[in-house]
Amino acid sequence: MEYLLIFIAAIFVNNVVLSQFLGICPFLGVSKKVSTATGMGAAVTFVLTLATIVTFLIQTYILTPNNLNYLQTLTFILVIASLVQMVEIVLKKVSPALYGALGVFLPLITTNCCVLGVAIGVIQKNYNLLQSVVYAFATAIGFALALIIFAAIREQLDLVELPKGVKGISIVMITAGLLSLAFMGFSGVDGGLKLLFGI
Amino acid sequence: MKRYIDILLNGLVKENPVFVLVLGMCPTLATTSSAINGLSMGLATCFVLICSNLVISLIKNITPDKVHIPVYICIIATFVTVLQMLLAAYVPEVNASLGIFIPLIVVNCIILGRAESFASKHGPLESIFDGIGIGLGFAFALTLLGGCREFLGTGKIFDLTVFPEDFGALMFVLPPGAFITLGFLTAIVNKIRGVKN
Amino acid sequence: MKKLSNSLLNMTVVLTATAIVTGGLLAFVNSVTEGPIKEVNEQATKDGIVKVMGGNPNIKTKTDSVKIDDKTFVVYNVTDENGNAIGNAVESTTMGFGGDLKVLTGFDAEGNILGYTILGHAETPGLGAKATDWFQKGGKGDIIGKNPAKNNLTVSKDGGEVDAITASTITSRAFLKAVNEAYTASAQAAPATDCNTQATVAAADSVNANVEEAK
């Protein structure tokens, strides 16, 4: 039950893009088409979950016991960067089809701050390994969901006549704001579920 | 001298990282719930940018091409951690209000972007000026955005009350307000710059 | 100067050197800032306790923890500079609207509320965040001086005697739940006893020890 709660809260209530503002760059950059948005979402889900497991283990077994907390940021970003490279190389060899689908998005993920944000976040929240994995996976699903919905809206937006000034990034921002407003409707849902299930 | 001023102005106005280049959006949206938060985030980023630009321009020739990205990331992450520790020790309020977005300066695309496109091609002095220009441009944009949101949402600017808080549109302090305010500010900036789409 | 070539030796040397230099620099800055960061955190804890225990800056505290139904509460037994008991300050956490709501509440020996402060929250700015002032002396939901054993400290909607924050019933409920839980923990903890100088010194040490543990 507790895991279901983390799952729902991370996807809807505290959506990583629309309420925590992590991973905005790819959210704005690769949301022109639903198909690319889906690819990016899948790639992020894969890397984010994997990266969180690895960084969690590094934090628990290397950094904390040796009192090396001040190396956290440095280690995590290097781990994420090398992990992305490794995933790219492995995918290329093992599953060319999957690589063809996700390949172009992989290098972009290193500078996607939701990966580092979640890796540091689970440490700050004192989650255990299983909770971290569930949280990371759900966050990534939340990212993918927001990205795909947003891409669908932008496809429609292309057909609309707009005033000159708001064309381009401006109307994209305003649309994102309205989407974020819609997601705010979910706030409090996790508290309600908690009461309902008596956690 | 004129060259350096040009570099400085370039970052502040012509290539403003937020309104023109649209980079570093995560901290821009997340930390601008008030003018003072926006300003602190802007200055924090500015500090890291100047330091990393300087060091990278100094070591650009002794870094083999194939490993330059990991080396740059190491340098940036180091300065970010130094900043994080200094803030926690001497200005804990700022550390508390910016929270997780301090370590996330590492993945702010502005910093790696400037390292790649400017510092790795220019001398140390020019790189410092580029860092100051872009950094201040970023800080200015964040303060402006934070100021607008704080004013519309709570009726205050830098905590000084302009109109009573009860008349504020709370939405502007909440996440949706960040997107919407930035959207309209960009539209205004586009109009002023006379961009033709 | 020409760029270094991409030979394996060059790359290894550069990467190793970067790792050593950055690691060393960070270790150095860490050793410089470690002390101040610790002081800042200790001071923050102490300021909070002073604030909720009536504002006397010369208090001495002894740290205790109480476990009720799997929930652990940190209880500070507070005495004034002469060793006379003032009461307990208790940290409690409940689930608010946006996340955890962490409250530090001060009680005198009879269990009357001396003061409170919000240590951390994720409530909506401008709505739930009003809890910082709402329940203070002179605020609309004033709880200062009340005693959770005698007064029904729940919101009026639930039959209690506290006015909820306008449009933030969930935050108000969470806050009052935290206060009531803190009261239970305070009542179960050893009461603040008059102590001699030696015990006071030991008490101050235990606060430090606790702050370190907390980190």
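Predicted model: local features only at pLDDT ≥ 70, side-chain atom pairs only at ≥ 80, totals over all residues.
We can begin with the interface of chain A and chain B. Here 38 residues of chain A are in contact with 36 residues of chain B. The size of an interface is often given as the accessible area lost when the parts come together. Between chain A and chain B the buried area comes to about 3100 Å², and carbon and sulfur atoms give 83% of it. Three residues, A:F21, A:T73 and A:M173, supply 20% of the area that chain A buries against chain B, more than any other three residues. The largest share, ten residues, comes from helix 9 of chain A. By residue type, the side of chain A that touches chain B divides into 23 nonpolar, 13 polar and two charged residues.

Next comes the contact with chain C. It takes eight residues from chain A and six residues from chain C. About 670 Å² is buried between these two chains, with 68% given by carbon and sulfur atoms. On the side of chain A, the residues A:Y70, A:L74 and A:K194 lose the most area to chain C, together 56% of what that side buries. Helix 10 (residues 189-197) of chain A gives the largest share of the side that touches chain C, three residues. That side of chain A divides into three nonpolar, three polar and two charged residues.

Conventions:
Residues numbered from 1 in each chain as written. Chains lettered and ligands numbered in written order. Heavy atoms only, no water. Contact = heavy atoms within 4.5 Å. Buried area = accessible area lost by both parts, 1.4 Å probe. Helix = DSSP H or I, 4+ residues; strand = E, 2+ residues; numbered from the N terminus. Nonpolar A, V, L, I, M, F, W, Y, C, P; charged D, E, K, R; others polar.
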